[in-house]
Structure formats: C-alpha cells, structure tokens
Amino acid sequence: DVGMSSSPKPVSEAGTLSRHRDAMGAALGRIPSGCAILTVQYGDRSTGVLVSWFQQASFDPPSVSVALRKGRPAAELVEQSGRFLLNLVGANPTPMFRHFGRGFSLEEDAFAGLDTVPTDYGTLIRSCLTHLGCTLSQKIVVGDHDLYIAQIDCATSPPTGEMPYIHTRNNGFSY
C-alpha cells in the first residue's frame with residue numbers, strides 16, 4: 001500500500017512517498033544528467049540543440065536514448081535524416097550553454113564561430129568532450145517530449161582525465 005492511498009501523506013513525513021507535485025519535482029531534479037549538443041543534418045539544413053535528457057540504453061547493440069521537447073526544429077531533421085551526432089559537453093559547459101542556450105531556427109547558422117567538422121551524422125564540435133554518431137531506431141511519444149532511441153555507429157574517445165559535465169536541478173519540472 002506504499003503511496004497508493006487516495007489521500008497522499010504530507011511531504012514533510014520522512015520516508016513517506018508523496019503524490020504532491022512539489023515532492024515529485026524535487027525528486028526528479030535530483031536525477032543527475034549530463035549535457036550534450038545534438039547536431040543533425042538533412043539535405044542543406046542543419047542545426048544543433050542543447051540536450052540534457054540522454055542516456056545509454058543498450059549494450060548490444062550499443063544504443064542511447066535522447067528526449068527532445070515537441071516542436072524543436074532539430075526533431076524534424078532527426079526524423080527526416082534518421083541519424084544525429086551527440087557532442088558531449090565537458091566539465092566547463094559555459095561556452096556551449098552560451099552558444100546553444102537560446103536555441104536556433106532552421107534558418108539560422110547554429111555553428112557560426114565554432115570549430116566544427118561536418119560528418120554524415122551531424123556537425124562535430126571539436127571543443128566537446130566526445131562524440132557519438134547515431135542512427136535512429138525508434139521514436140516514442142512521451143508527454144511533452146519525444147524519446148528517440150538510436151544505435152551508436154561510431155564515436156570519438158575523450159582524452160584521458162577529461163570529465164563530462166554533470167548536474168542536478170532544483171526542480172525536475174523545468175530545465
């Protein structure tokens with residue numbers, strides 16, 4: 001009967017599950033995540049978007065999951081191309097946050113001023129820690145986001161000792 005009663009227990013009771021939105025937001029915010037720039041190209045259009053909801057999803061085949069908010073311009077290109085590149089952000093995220101934080105339309109050059117290399121999967125950003133070239137396996141509709149499952153086809157390996165950026169949030173209901 002843990003947490004299944006019709007009237008939830010107060011959040012203040014230690015060790016008690018709660019259905020209160022504030023408790024759920026605080027708990028979700030404690031789930032650690034990294035940050036990556038998902039880049040994608042289809043035809044002559046390309047873009048990049050800052051993502052924090054990504055995770056390894058399988059050992060064999062090696063796969064990842066990435067959640068994108070519905071309506072993101074990058075999602076359209078992911079679905080058209082069937083592939084993307086994850087550029088994992090290193091321990092100092094500030095340059096990437098400044099560059100990609102506001103988002104880009106498909107008409108804008110998302111990579112102006114960055115040291116990049118074009119690939120078959122998307123734009124490789126040299127200053128990022130590591131890179132994963134992925135082919136889309138499936139899309140799952142999940143509330144206000146779409147979850148993309150993709151197989152990793154190729155990758156770069158980070159220099160020894162360099163660490164990825166990892167964070168938690170105060171509230172799991174906002175970025």
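Biologist: Is Cys134 buried or exposed?

Modeller: Cys134 is buried, with a relative accessible area of 0%; buried means under 20%, exposed over 50% and partly exposed in between, using a 1.4 Å probe and protein chains only. This is a predicted model, where local features need pLDDT of at least 70 and side-chain atom pairs count only at pLDDT 80 or more, while totals for chains, interfaces and linings use all residues. Residues are numbered from 1 along each chain as its sequence is written, and side-chain values use heavy atoms, with hydrogens and water left out.

Biologist: How many disulfides are there in the whole structure?

Modeller: The search finds zero disulfides, a disulfide being a pair of cysteine sulfur atoms within 2.5 Å. For Cys134, the nearest cysteine sulfur belongs to Cys154 and is 7.9 Å away.

Biologist: New topic: which residues does Val51 touch?

Modeller: Setting aside neighbours within four places in sequence, Val51 is in contact (heavy atoms within 4.5 Å) with several residues, among them Cys35, Leu38, Val66 and Leu86.

Biologist: What about the largest nonpolar core, how many residues has it?

Modeller: The largest core has 22 residues, and Val51 and Phe84 are among those with the most contacts inside it; such a core is a set of buried Ala, Val, Leu, Ile, Met, Phe, Trp, Tyr and Cys residues joined through side-chain atoms within 4.5 Å.
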